[in-house]
Amino acid sequence: MNSSVEHLSPTTSSARFSLPSKSTAGPKPNIYERNLNKTRVAEVSAASLSFLFSEVVQYTQKRVSGVNDLERRLNTLGYRVGARVLELTAYRAESSLKAPKREIRLLPALMAIHTQIWRAVYGRPADAIEKSVENVDEYMIIDNDPLIERHISVPRDLSGLSCSSFSAGIVEAVLDGLGFPARVTAHHTPTSTHPTRTTILIKLEKSVLDREDVLK
Amino acid sequence: MAIFGLWVINKAGGLVYQRSFADGLAQLTSNEYLVLAGTLHGIHAITSRLSPIPGQSSGAQVIEGETFKISVLLTLTGTKFILLTSPAEPASSIDVLLQKIYTTYAEKVMQNPFHTPEMPIRSEAFDVSLGALIS
């Protein structure tokens, strides 16, 4: 096996996979300097996302002991994505609107999550948003067919697991970023027409409700 | 013109999925299904060496009997999809169906994080999609 560095030189004729096909003048631009709006309407194939998420779940499952821990870890991973999604969505909205708004009231913030954040991450708005009748601090976002869960079949010994804990983490990070701390969990609520229907339960902290009362 | 059953055999020759779609078929024990699948795997391997034309050839693709027809789809990874049908079923529709089954397998089984590759398939989503595809 040829272990010398010769095959990496651009002057050799053997097959190369990572060198550019034409020589560019100046240093090659790296990903950090690319315009953020360049990939604004870019799409990723659903199969790639499914395979990636499948590996995320398998990786997490090897390191946990139990359904709750698995959901908590997926929530943490979603949190890291959500923080970045919020910043990116706000930045992209800023460049297209003349007077970009930041939501400071609860209901507009929840509506923004329901439509804009879901559209930014999954390509379509969520299906419903509801307010709980029993508890005044609970709201629910419902997705009839979550994209990441489309091909997942949870085995019987892990029943009760909702891999949409990842989406719950995204929502929790967006709410934290907007200034509405909450505890967000995902629950599998299938119906006959939508077997993968998921409810994302948002339990807001008391400080948020007090602030809403003051601002009313 | 009916589809009797579907078997999925992994690259080692073990049966990972078996399902019957018509009523009135002979009921076999799971052990008998395993033996039959292993035998079919062996036959398929032998027939891939029997071609009189020099060069690579795939194994048997269709095995016909008086009352049944076995169609085999061998994928690039060595997984075999075996469809048992009545002899009158047209070959084109069987090929199309096998391709769709393969696509369903790639989606519901391979993208399922709770499935270990080459192990028996226990996926409700796969069962439901297959039921929708065949009937």
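Two strands are taken to pair if DSSP finds at least two bridges between them. In this predicted model, 5 strands of chain B form an open sheet in the order S2-S1-S5-S4-S3, and the pairing is antiparallel. Strand S2 (15-20) and strand S3 (62-64) of chain B stand at the edges of this sheet, and each has a single partner strand, so that one side of each is left without a neighbour in the sheet. Direction ignored, neighbouring strands of the sheet are turned against each other by 15° on average.

Within the chain B sheet, strand S1 (residues 3-9) and strand S5 (residues 80-85) run antiparallel and are joined by 6 bridges. Among the residues of these two strands, B:Val8 has B:Phe81 of S5(B) as its bridge partner. Two helices of chain B lie across parts of the sheet. Helix H2 (residues 91-109) of chain B lies across S1, strand S4 (69-74) and S5 of chain B, and runs at about 135° to S5(B). Helix H3 of chain B, in turn, lies across S1 and S2 of chain B, where the angle to S2(B) is about 40°.

Chain A also contains paired strands, as strand S1 (residues 128-131) and strand S2 (residues 138-143) of chain A pair in the antiparallel sense over 4 bridges. These strands, S1(A) and S2(A), form a hairpin, with 6 residues between them.

Side chains of opposite charge can pair when their charged atoms come close. Over all chains, the structure holds 11 salt bridges. One of the salt bridges brings together the side chains of A:Asp69 and A:Arg72, with a distance of 2.7 Å from N to O. Both A:Asp69 and A:Arg72 lie in helix H2 (residues 67-96) of chain A, where they are 3 residues apart, or about one turn of the helix.

The second largest pocket holds about 830 Å³ of space. The lining of this pocket is made up of 30 residues, and those that lie nearest its centre are A:Ile152, A:Ser153, A:Val154, B:Glu124 and B:Ala125. Helix H3 (residues 124-133) of chain B supplies the largest share of the lining of the second largest pocket, with 5 residues, and this helix also lies across S1 and S2 of the chain B sheet. By residue class, the lining of the second largest pocket divides into 11 nonpolar, 11 polar and 8 charged residues.

Note on methods
Residues are numbered from 1 along each chain as its sequence is written. Chains are lettered from A and ligands numbered from 1 in the order in which they are written. This is a predicted model: local features need pLDDT of at least 70, side-chain atom pairs count only at pLDDT 80 or more; totals for chains, interfaces and linings use all residues. Side-chain values use heavy atoms; hydrogens and water are left out. On a 1 Å grid over the protein atoms alone, a cavity is a set of points where a 1.4 Å probe fits but cannot get out, and a pocket is an open set with protein on both sides within 12 Å along at least five of seven lines; lining residues have an atom within 4 Å of a point. Grid points are joined across faces, edges and corners, and a volume is the space filled by probe spheres set on the points. Ala, Val, Leu, Ile, Met, Phe, Trp, Tyr, Cys and Pro count as nonpolar, Asp, Glu, Lys and Arg as charged, and the others, Gly among them, as polar. Axes are lines fitted to C-alpha atoms, for helices over the stretch in contact, and angles run from 0 to 180 degrees between N-to-C directions. Contact means heavy atoms within 4.5 Å. A salt bridge is a side-chain nitrogen of Lys or Arg within 4 Å of a carboxyl oxygen of Asp or Glu.
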